[in-house]
Amino acid sequence: MGIGKLKKKIEKVSTEEQIWSLMRQYGRGLLGLLVLVMIVHDVFGTHGFLAMRRTQNEIRKVNADLDALRKENAALAQEVKDLNSDPRLIEKIARDDLGLARPGEIIIRIPQGQQLEQNPVVKR
């Protein structure tokens with residue numbers, strides 16, 4: 001074995017010892033920092049815990065809105081069905097909302113301030 005090979009081997013061992021020395025000195029701190037960064041990312045990141053909670057709340061709100069719209073749609077469908085089949089309801093809407101009357105009837109409009117209550121209370 002020559003002196004050149006021996007120097008290279010000593011330099012290689014020396015470099016490896018330096019790396020291991022640095023790892024022993026800073027390894028735990030680097031590992032702790034890495035774990036801390038991963039925890040912060042899992043909590044505050046784009047797909048982290050807080051973002052997931054926000055998304056779940058939005059999904060709940062959208063589902064509630066969807067349920068309300070389904071109920072409203074069902075009520076409107078029932079109203080359409082009633083309007084197509086109930087002539088009394090059609091007549092009521094024609095009289096109340098459109099102000100129409102049957103032939104020979106006279107419509108008398110009373111100003112709002114002079115109208116009586118719909119269900120007057122009788123006192124004894």
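This is a predicted model: local features need pLDDT of at least 70, side-chain atom pairs count only at pLDDT 80 or more; totals for chains, interfaces and linings use all residues.
Helices here are DSSP runs of H or I with at least four residues, numbered from the N terminus. The patch consists of Leu22, Tyr26, Leu30, Leu33, Leu36, Val37, Val40, Phe44, Phe49, Leu50 and Met52, which together have about 1100 Å² of accessible area. H1 gives the most, with eight residues. One of the patch residues is Phe44, which lies in H1. Phe44 counts as exposed because its relative accessibility is 58%, and the cut-off for that class is over 50%.

The charged side chains form six salt bridges in the whole structure. In one of them, Arg88 pairs with Asp86, with 3.7 Å between the closest N and O atoms. Arg88 is exposed at 66% relative accessible area, whereas Asp86, at 25%, is partly exposed.

Helix H3 (residues 87–96) holds another pair. Glu91 and Arg95 form a salt bridge with an N to O distance of 3.0 Å. They are four residues apart in H3, so about one helical turn separates them. Glu91 has a relative accessible area of 28% and is partly exposed; Arg95, at 32%, is also partly exposed.

Arg95 has a further partner in Glu105, the closest N and O atoms being 2.9 Å apart. Because Glu105 lies in the segment after H3 and Arg95 in H3 itself, this pair ties together parts that are ten residues apart in sequence. Glu105 is partly exposed, at 37% relative accessible area. Salt bridges link Glu91, Arg95, Arg102 and Glu105 in a network.

Technical notes: Residues are numbered from 1 along each chain as its sequence is written. Side-chain values use heavy atoms; hydrogens and water are left out. Patches are made of residues with over 30% relative accessible area and no salt bridge: like charges are joined within 9 Å, nonpolar side chains (Val, Leu, Ile, Met, Phe, Trp, Tyr) within 5 Å. Accessible areas come from the Shrake-Rupley method with a 1.4 Å probe; for residues, only the protein chains shown count as cover. A salt bridge is a side-chain nitrogen of Lys or Arg within 4 Å of a carboxyl oxygen of Asp or Glu. Helices (H or I, at least four residues) and strands (E, at least two) are DSSP runs, numbered from the N terminus. Buried means under 20% relative accessible area, exposed over 50%, partly exposed in between (1.4 Å probe, protein chains only).
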